[in-house]
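Dear colleague,

Please find below the structure I promised to hand over. My notes on it follow.

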Amino acid sequence: MSKLLVVIGIAGQQDGSVASLFSQEPGWKARGITRNQSSHSALAWTSKGVEMVQVDLNDPFSLPAAFSENQALGEYCSDIELQQGKNVSDAASQVPPLERIVISSLVDAETLSGGRFMGYLRESHPELTGKPSAVVMWNYMGNWLRDLILEAEEALVGSGTTPLPHIDVERDTGYLVRALLECPPGKTVLGAGDMISWSEMLRVWCECFDQLSIDQFERFVPVPGLGR
């Protein structure tokens, strides 16, 4: 019998990567949730063989049906969606076969957020506290292809020559989640599509935009030391 992975926010880059991989992964079935089953995105996923269920994360009563027979729950919620995360957890507590909750996170997110999500689990659903597993997302490679603008007071982490983890979100996230699900619940995975230093990234970026002047670059990324 195939295990079921429910993907929340399937239209996003991270979630879409997970759904694409697990819809073809032997022994797994991917299910996406959507506010509108007739939307272009929902119909596109249905055509790929992914079951789509109509759910409103702001409506707790609509959630349990989406998680029936669920073994793994992929939750990709930002801090601003804390209440939606609570609603998801309330519904997850009603699914006895649930093996784990997969959360997309950042380094030390629990400390920086004051532990509000995990605190809610411990207080309201102690039976779930051992089930969350996290994928830590690092630098998005795709950001360098879009309107990346750093403020002058911002600093880039690292010495400039130290390799740091970078990921291609659409390509890599599904594989990171698969690796996480091969570990016991409660683990955290930090993965990378490549380890690249800022200096190497800047070199590649400049090769792609060889007509960019230093003045143009400094207006684009006004970080002292990178332009001149």
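Is F22 buried or exposed? F22 is buried, because its relative accessible area is 1%, and the cut-off for a buried residue is under 20%. Please bear in mind that this is a predicted model.

Aromatic residues

The count of aromatic pairs comes to one. Elsewhere, a charged side chain sits over a ring: K48 lies over the face of W45, at 4.5 Å from the ring centre.

Nonpolar cores

The largest nonpolar core has 23 residues, and F22 belongs to the group that touches the most other members, together with I10, V135 and V177. Two or more residues of this core come from each of β1 (3–7), α1 (13–22), β2 (28–34), α2 (40–47) and α6 (169–181). Helix α6 supplies the largest share, five residues.

Apart from this core lies another one, of 22 residues; among them are F67, A92, L121 and L128.

V135 deserves a separate entry. Leaving aside residues up to four places away in sequence, V135 touches V102, I103, S104, S105, L176, V177, L180 and V189.

Helix α6

How many residues does α6 have? The helix has 13 residues, and the distance from its first C-alpha to its last is 18 Å, close to the 18 Å expected at 1.5 Å a residue. Its buried residues are V169, D172, T173, G174, L176, V177, L180 and L181. In general, an α-helix has 3.6 residues a turn, so residues three or four places apart point the same way. That spacing may be kept in mind when viewing the buried positions L176 and L180, both of which are among the contacts of V135.

The three-stranded sheet

Three strands form an open sheet with mixed pairing, in the order β7-β8-β10. At its edges are β7 (139–140) and β10 (194–196), each of which pairs on one side only. Strands of a sheet pair through backbone hydrogen bonds, either parallel or antiparallel. Here, β7 pairs with β8 (residues 164–167) in the parallel sense, over two bridges. Across this pairing, Y140 stands opposite I167 in β8.

With kind regards

Notes: Residues are numbered from 1 along each chain as its sequence is written. This is a predicted model: local features need pLDDT of at least 70, side-chain atom pairs count only at pLDDT 80 or more; totals for chains, interfaces and linings use all residues. Side-chain values use heavy atoms; hydrogens and water are left out. Rings of Phe, Tyr and Trp (its six-membered ring) pair if their centres lie within 6.5 Å; planes under 30 degrees apart count as stacked, over 60 as edge-to-face and the rest as tilted. Buried means under 20% relative accessible area, exposed over 50%, partly exposed in between (1.4 Å probe, protein chains only). A charge sits over a ring if NZ of Lys or CZ of Arg is within 6 Å of the ring centre and within 35 degrees of the ring normal. A nonpolar core is a set of buried Ala, Val, Leu, Ile, Met, Phe, Trp, Tyr and Cys residues joined through side-chain atoms within 4.5 Å. Helices (H or I, at least four residues) and strands (E, at least two) are DSSP runs, numbered from the N terminus. Contact means heavy atoms within 4.5 Å. Two strands pair if DSSP finds at least two bridges between them. The expected span of a helix is 1.5 Å times one less than its number of residues.
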